[in-house]
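Trainee: I would like to learn how to read a structure one feature at a time. Where do we begin?

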Amino acid sequence: MGGGLFGFDISSMSGVLATSAYTNYFHVNGGYLQGAITGSMAGGSFFGTLASSFIADKMSRKTAIQIAAVIWIVGSIFQTAANGIALLVFGRVVAGIGAGIASAMVPVYQAEIAPKEIRGRVVSLQQFAITVGILVQYFIQYGSSFVDGGPKNPNQSTLAFRIPWGIQIFPATLLAVGMFFVPYSPRWLAGQDRWEEAIRVLANLHGHGDIGHPKVLAQYREIEEAMTFEREAGDSAFKALTQPRMLNRVILTVSIQMWSQLCGMNVMMYYIVYMMQAAGVHNLLLTASIQYILNVVLTLPAILFIDTWGRRPSLLYGALSMMILLFVVAALEAIYGVPNPRTDPSLDHISWLIMDNPPVSRAIVACSYLFVSTFAVTWGPTSWTYASEIFPTGIRAKAVSLATASNWAWNCALAFAVPTLFQKINWRMYIVFAVFNMCAFVQVWLTVRETKGKTLEEMEEVFESGRPAWTGVSRGSRLDRLQRDIAEGTVKVRLGGRRYEEL
């Protein structure tokens with residue numbers, strides 16, 4: 001549900017942009033004003049993300065997610081009741097704050113409760129929920145667009161946009177209530193010295209309720225040793241983030257979240273209607289809906305196999321493929337497109353069109369579908385997984401909040417800028433995003449280390465090994481060896497006081 005709020009955010013405008021109800025009521029038709037309206041929610045999310053770590057470290061990851069849901073509900077109410085642009089923007093900013101908190105803390109919570117063998121799969125559910133939220137919101141908007149004679153009716157009722165914005169309240173309500181029935185993060189509990197609760201949660205998650213299970217005891221010991229090391233270092237969370245060994249990771253995760261926006265995916269989500277109009281597609285909402293379906297369906301292979309094929313290959317192949325597809329779209333539009341003759345007022349927000357050339361239009365739509373499918377399998381889930389797993393517990397919430405803030409900052413910038421880019425540089429915009437993918441490929445090759453199969457407490461070994469990122473990491477996990485030693489009796493773990501002893 002937390003990821004679903006992010007998805008509702010992303011597609012909250014895409015389906016209403018082509019309706020007469022929206023354009024006539026708010027008197028908006030592309031350009032800077034539409035960019036400001038769309039980007040206002042991402043702007044709120046940026047600040048919500050920055051605040052999320054303070055709430056999560058003080059009150060728990062679980063409580064932070066519940067607070068996010070309540071804030072989203074309040075923002076949705078304002079949007080639904082909007083009587084002008086000012087109230088609409090205010091509602092979107094408020095809802096954005098909630099979405100920002102949820103988008104940062106949901107993957108942190110997932111990473112801290114998941115077994116290492118399926119951590120990528122569990123955190124990838126965040127991206128799956130985002131895609132489902134995008135799809136559901138889009139189809140709600142698609143259905144609502146037929147209110148009062150359809151989107152082309154100049155007298156269409158405002159229900160065409162109030163219905164989809166009002167329905168956003170329900171998933172947030174389910175999230176706020178549902179979080180009462182899930183456990184606190186065991187690593188957060190340990191950080192609060194609530195060790196008895198932490199071991200009980202670990203037992204319920206990984207040992208079928210058995211506190212003496214070797215896997216539970218092994219995880220308990222690893223968490224305790226990591227906590228002891230962090231406390232002996234004595235640095236505050238923010239000071240620790242600026243230490244060279246952590247600063248490199250912060251820069252890496254901030255960059256990955258930045259590239260996940262600059263790759264061009266959210267252009268496809270926010271302004272797919274504009275892209276299809278420029279390509280000369282006539283059944284805009286239906287054609288765009290296929291893209292949203294592909295985004296959901298193609299996220300499933302990533303969830304199933306991310307812990308098999310790994311994080312690094314996903315990012316590399318994804319960046320390379322998206323770069324090629326964007327270059328193809330740019331070439332098609334440059335060769336076969338023409339300047340907008342301005343004979344149709346509904347297309348005044350676009351300066352370049354494919355006219356009366358169905359094969360080229362279909363080719364551009366196909367490239368769009370392939371692009372979204374590629375992102376769904378690679379960068380979509382992996383960017384969230386990687387940021388949530390490479391930091392120590394004491395600074396994880398703050399580090400992930402910074403990375404996610406990067407995502408929202410660029411999300412906001414693109415939401416604001418893309419309508420103008422469609423007008424000013426038209427097909428050249430795709431070249432810009434293709435070059436961004438090229439840059440992402442280079443950085444991933446040089447700096448991203450593989451983390452699959454490692455526990456959160458083993459990330460120090462992964463990143464401080466001194467080996468180049470492209471040489472890979474050692475096979476196996478320290479947790480597996482410790483679990484085996486506990487099962488064989490060569491290592492014993494006691495709770496309280498001196499918690500373990502080696503024989």
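Mentor: We begin with one residue, bearing in mind that the model is predicted. Arg61 belongs to helix α4, which covers residues 61–80.

Trainee: Is Arg61 buried or exposed?

Mentor: Buried means under 20% relative accessible area. Arg61 has a relative accessible area of 2%, so Arg61 is buried.

Trainee: Which residues does Arg61 touch, leaving out those up to four places away in sequence?

Mentor: Arg61 touches Ala56, Val108, Tyr109, Glu112, Trp188, Thr393 and Ala397. Of these, take Ala397: Arg61 and Ala397 are 336 residues apart along the chain, and their C-alpha atoms are separated by 8.4 Å.

Trainee: Next, helix pairs. How do α20 and α21 cross?

Mentor: The axes of α20 (residues 379–389) and α21 (residues 393–424) come within 8 Å and cross at roughly 150°. Angles over 145 degrees count as roughly antiparallel, so α20 is roughly antiparallel to α21. Trp384, Ala387 and Ser388 of α20 meet Arg396, Val400, Ala403, Thr404 and Asn407 of α21. By class, this contact has 4 nonpolar, 3 polar and 1 charged residues.

Trainee: How many aromatic pairs are there in the whole structure?

Mentor: A search finds 17 aromatic pairs. For Tyr25 and Phe26, the ring centres are 5.0 Å apart and the planes are at 80°, so this pair is edge-to-face. Tyr25 is partly exposed at 31% relative accessibility, whereas Phe26 is buried at 3%. Tyr22, Tyr25, Phe26, Phe161 and Trp165 form one aromatic cluster.

Trainee: Where does the charged end of Lys62 sit?

Mentor: The charged end of Lys62 sits over the ring of Tyr184, 4.6 Å from the ring's centre. Arg312 lies over the face of Trp445, at 5.0 Å from the ring centre.

Methods. Residues numbered from 1 in each chain as written. Predicted model: local features only at pLDDT ≥ 70, side-chain atom pairs only at ≥ 80, totals over all residues. Heavy atoms only, no water. Helix = DSSP H or I, 4+ residues; strand = E, 2+ residues; numbered from the N terminus. Buried < 20%, exposed > 50% of the residue type's maximum accessible area, 1.4 Å probe, protein only. Contact = heavy atoms within 4.5 Å. Axes fitted to C-alpha atoms, helices over the stretch in contact; angles between N-to-C directions. Parallel < 35°, antiparallel > 145°, perpendicular 65-115°, else oblique. Nonpolar A, V, L, I, M, F, W, Y, C, P; charged D, E, K, R; others polar. Phe/Tyr/Trp six-rings, centres within 6.5 Å; stacked < 30°, edge-to-face > 60°. Lys NZ or Arg CZ within 6 Å of the ring centre and 35° of its normal.
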